[in-house]
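Here is a friendly tour of one protein model, arranged by topic so that you can follow along in your viewer. Shall we start?

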Amino acid sequence: MTYAGQPAAQHAPELRAAARHLGRRGFLTGTAAAAALAFATNLPTAGVAAAAELDARGIKADPFTLGVASGDPLPGSVILWTRLAPYPYEPGSGLPQQRVTVDWELAHDARFRRMARRGTVTAHPEFNHAVHVEVDHLEAGRVYYFRFRVGKWVSETGRTRTAPAAGSRPAGLTLAAVSCQAYHDGYFTAYKHLAQDDVDVVFHLGDYLYEYAVNAVGGARNYTDRTLPAHFNKETLTLADYRLRYALYKSDPDLRAAHAAHPFAVTWDDHETENNYADETSENDDPPAEFLLRRASAYRAYWENQPLRRAQLPSGPDAQLYRRLVWGRLAQFDILDTRQYRSDQAYGDGAHIPGPESLDPARTITGATQERWLIDGWRRSHALWNVVPQQVTFSERKLDLNPVAKVSMDAWDGYVASRQRVLAGARAADVENLMVLTGDVHVGYAFDVKADFADPSSKVVGTEIVATSIASGKDGADKPANWDTYMKANPHLKFYNGRRGYVTVGFGRESARADFKTVSAVTSPGAPIATAASFVTEAGNPRLHPA
C-alpha cells in the first residue's frame with residue numbers, strides 16, 4: 001500500500017467559524033468544546049495523559065465487547081484494532097475519561113506459543129478508548145494471530161495476514177466484498193458464513209453504519225429477548241450519537257466473528273455520515289458549516305471504530321481514505337472515496353434522463369486529485385489485475401426501456417465525464433485486466449464494462465462485480481420486480497440477484513472467478529448460504545462468462 005500524504009484541513013476555517021457559534025446556537029453537541037473534539041487530531045501530551053491513567057484492575061466488566069479487528073495488510077505490516085467498552089450501549093462505554101494501558105500480542109500460532117511481536121499501547125478517552133496498533137517488521141505473506149489484554153481481561157483471538165512481498169508472483173488471492181449493513185433491516189447472517197469462508201482479505205465497500213433510527217426491538221430483527229436503549233431510536237447527528245451507533249453495530253456477534261477471522265480494507269459511502277451527501281452538501285441542504293461539523297463527527301467516529309492507519313485519521317471533516325494495496329505482482333487495489341470530493345448530484349439527485357447538467361465535463365465524482373492519483377497509479381502498476389474497490393455503480397445502468405432511459409444521478413451515470421476520463425486513463429496506462437468492485441445498491445450485479453456504453457458493439461474493457469448488501473433491504477428476492485426491465489435495458493448486465501449476502505473473487509494467473517453467495521432471509525437468524533451464480537473472466541480477455 002502507498003499513501004499520497006495526509007491532506008490539508010480543507011475546511012478548517014468553516015469549522016472554526018461554526019464552532020464559535022455552537023454554544024449560542026446549541027447545534028450538535030451543544031458546546032464549542034465538545035464540537036472541537038470532533039475535529040481535533042492530536043493525541044494529548046504525555047504530561048496530561050500521565051495525570052489521568054486508569055488502574056485496569058478497576059475495570060469490573062469485560063472491556064472487549066466490540067471484539068477485535070485487523071486491516072490493510074502490507075508485505076511487512078498490518079493494523080490491529082479494538083475498542084474498550086465494558087458497557088457499550090452507555091455514553092462513554094462505561095469507562096471514565098482516563099487513559100488505559102493495553103497490552104497486545106501477535107503470534108505465529110493460535111495458542112500464542114511462538115510469539116512474533118508484543119507491546120503496549122494507550123487507549124485514550126479522546127478517541128473513545130479505541131486502539132490502533134500498526135505492527136511493522138513482519139514477514140511477508142504470513143498468517144498471524146493476535147489478541148489484547150487489559151488487567152485480568154483478555155480479548156478473543158483474531159486472525160490476520162500480511163501481503164506477499166513486493167515484486168513476488170503469488171499464485172492466487174481470494175477476496176470477499178461486502179457492503180450495506182443496516183442493523184434495523186435484519187441480521188448479519190452473511191457475516192457468520194463469511195467468518196468461516198476461506199478468503200485472504202475482505203473489502204467493505206461502504207454503508208458500514210446507517211444514520212437512521214433503530215427502535216427498541218432492533219427494527220426487522222424484532223427482538224423478544226432484549227430492549228435496545230431509547231438513544232438508538234433517533235438519527236445520528238453528534239459525535240456521541242455516531243460512537244454509540246458503532247457500538248450497537250460492532251456488538252453484533254456475526255460481524256465480530258468476520259472481523260476476527262479476516263483482515264478488512266474499508267471505505268465509506270454515504271450512510272456513515274448521511275444519505276446521499278456530496279462533499280459539503282447535505283441531503284437536506286443544511287448550511288455547509290453545520291453539515292461539516294456533522295461530517296467531522298462522523299469521520300472521527302468511523303476512524304475510531306475501524307482498523308485504519310494513522311494516515312487515515314481525519315483532520316476535522318477531511319480524511320484521505322483513498323489508498324492503495326498491492327498483492328505482489330498479482331493484484332493492485334486502488335480503494336476510492338466517491339463521496340467526499342464529488343460534485344453535487346445533478347437534477348436534484350434521484351433518477352433522471354441524461355442532460356446538460358449530468359453531462360457537464362466539469363463534473364467529478366472523485367475530485368481531480370484522487371482521479372490523477374488513480375490514473376498515475378495505473379501507469380506505475382506491475383500487477384496482472386488492477387482492481388478498484390469503490391462505492392456506487394460504475395457501469396451504465398438504464399432504469400427503464402424508454403428510448404432515452406432514466407439513470408441514477410448518484411452513481412457514475414450522473415458523472416459521465418468522470419467515467420470517461422477514468423476509462424481513458426486505464427486505456428492510456430495499458431490496463432488489460434480492470435475490475436471494479438461496487439456496493440451501494442443492495443443487489444448483486446455482474447457487468448461487462450464497455451469502452452462506450454452508447455455503442456453496443458464497443459469493446460469490453462473490464463468487468464464490474466457488485467456486492468449485494470449484508471442486511472439492507474431486508475430479505476430481498478432472487479428476481480426483484482424490475483429484473484426483466486434491467487436485463488433487457490442493459491445487455492452488458494450479465495447477472496442480477498436481489499438477495500442478501502456477499503461475493504468472493506478468486507484471482508489467479510490465468511483468470512478470476514466471482515461467486516455470488518446469498519442467504520434466503522435476514523429478518524430471521526440462521527439462514528443457510530448458497531452460491532447463486534459464478535462467473536469467470538480470463539486474463540487478457542475482460543469479459544464475463546458463466547462458470
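**A buried serine to begin with**

Ser93 is buried, at a relative accessible area of 3%; buried means under 20% relative accessible area, exposed over 50% and partly exposed in between, with a 1.4 Å probe and protein chains only. This is a predicted model, in which local features need pLDDT of at least 70, side-chain atom pairs count only at pLDDT 80 or more, and totals for chains, interfaces and linings use all residues. Residues are numbered from 1 along each chain as its sequence is written, and side-chain values use heavy atoms, with hydrogens and water left out.

**Loop residues worth a click**

- Ser93 sits in the loop between β2 (77-83) and β3 (100-107); helices (H or I, at least four residues) and strands (E, at least two) are DSSP runs, numbered from the N terminus.
- The phi of Ser93 is positive, near 60°, in a residue other than glycine.
- Phe112 also has a positive phi, of about 60°, although it is not a glycine.
- The loop between β3 and β4 (115-123) holds Phe112, which is buried with a relative accessible area of 9%.
- Thr393 belongs to the loop between β15 (385-389) and β16 (407-408), and its relative accessible area of 1% makes it buried.
- Not counting residues up to four places away in sequence, Thr393 touches Ala411, Trp412, Thr438, Val441, Phe447 and Glu464; contact means heavy atoms within 4.5 Å.
- Thr364 is in the loop between β14 (351-352) and α9 and counts as buried at 13% relative accessibility.
- Neighbours within four places in sequence aside, Thr364 is in contact with Tyr341, Arg342, Ser343, Tyr415, Ser418 and Arg421.

**The seven-strand sheet**

- An open sheet of seven strands runs in the order β12-β13-β15-β17-β19-β18-β20, with mixed pairing; two strands pair if DSSP finds at least two bridges between them.
- β12 (323-327) and β20 stand at the edges with a single partner strand each, so one side of each has no neighbour in the sheet.
- From one strand to the next, the twist averages 20°; axes are lines fitted to C-alpha atoms, for helices over the stretch in contact, and angles run from 0 to 180 degrees between N-to-C directions.
- Helix α9 (residues 368-380) packs on the sheet and touches β12, β13 (331-335), β15 and β17 (434-438), its direction making about 175° with that of β13.

- How many residues of strand β18 (residues 444-450) are buried? Seven of the seven are, so the strand is largely enclosed by the rest of the structure.
- Both faces of β18 are covered, with Gly444, Ala446, Asp448 and Lys450 buried on one side and Tyr445, Phe447 and Val449 buried on the other.
- β18 pairs with β20 (residues 493-497) in the antiparallel sense over four bridges; Ala446 stands opposite Phe495, and Gly444 opposite Asn497.
- β18 also pairs with β19 (residues 460-466), antiparallel over six bridges, and Val449 has Gly462 as its bridge partner there.

- β9 (residues 172-178) is joined to β21 by six bridges and runs antiparallel to it, with Ala176 partnering Thr504.
- Eight bridges join β21 to the antiparallel β22 (residues 511-519), where Phe516 stands opposite Val503.
- A hairpin connects β21 to β22 through two residues.
- Helix α5 (residues 189-196) is mostly covered, with six of its eight residues buried: Thr189, Ala190, Tyr191, His193, Leu194 and Ala195.

**The largest pocket**

- The largest pocket holds about 380 Å³ of space; a volume is the space filled by probe spheres set on the grid points, which are joined across faces, edges and corners.
- On a 1 Å grid over the protein atoms alone, a pocket is an open set of points with protein on both sides within 12 Å along at least five of seven lines, whereas a cavity is a set where a 1.4 Å probe fits but cannot get out; lining residues have an atom within 4 Å of a point.
- The lining has 17 residues, and Glu396, Val416, Arg419, Phe453 and Ala454 lie nearest the pocket's centre.
- Helix α10 (residues 416-428) supplies the largest share of this lining, four residues.
- The lining divides into 11 nonpolar, one polar and five charged residues; Ala, Val, Leu, Ile, Met, Phe, Trp, Tyr, Cys and Pro count as nonpolar, Asp, Glu, Lys and Arg as charged, and the others, Gly among them, as polar.
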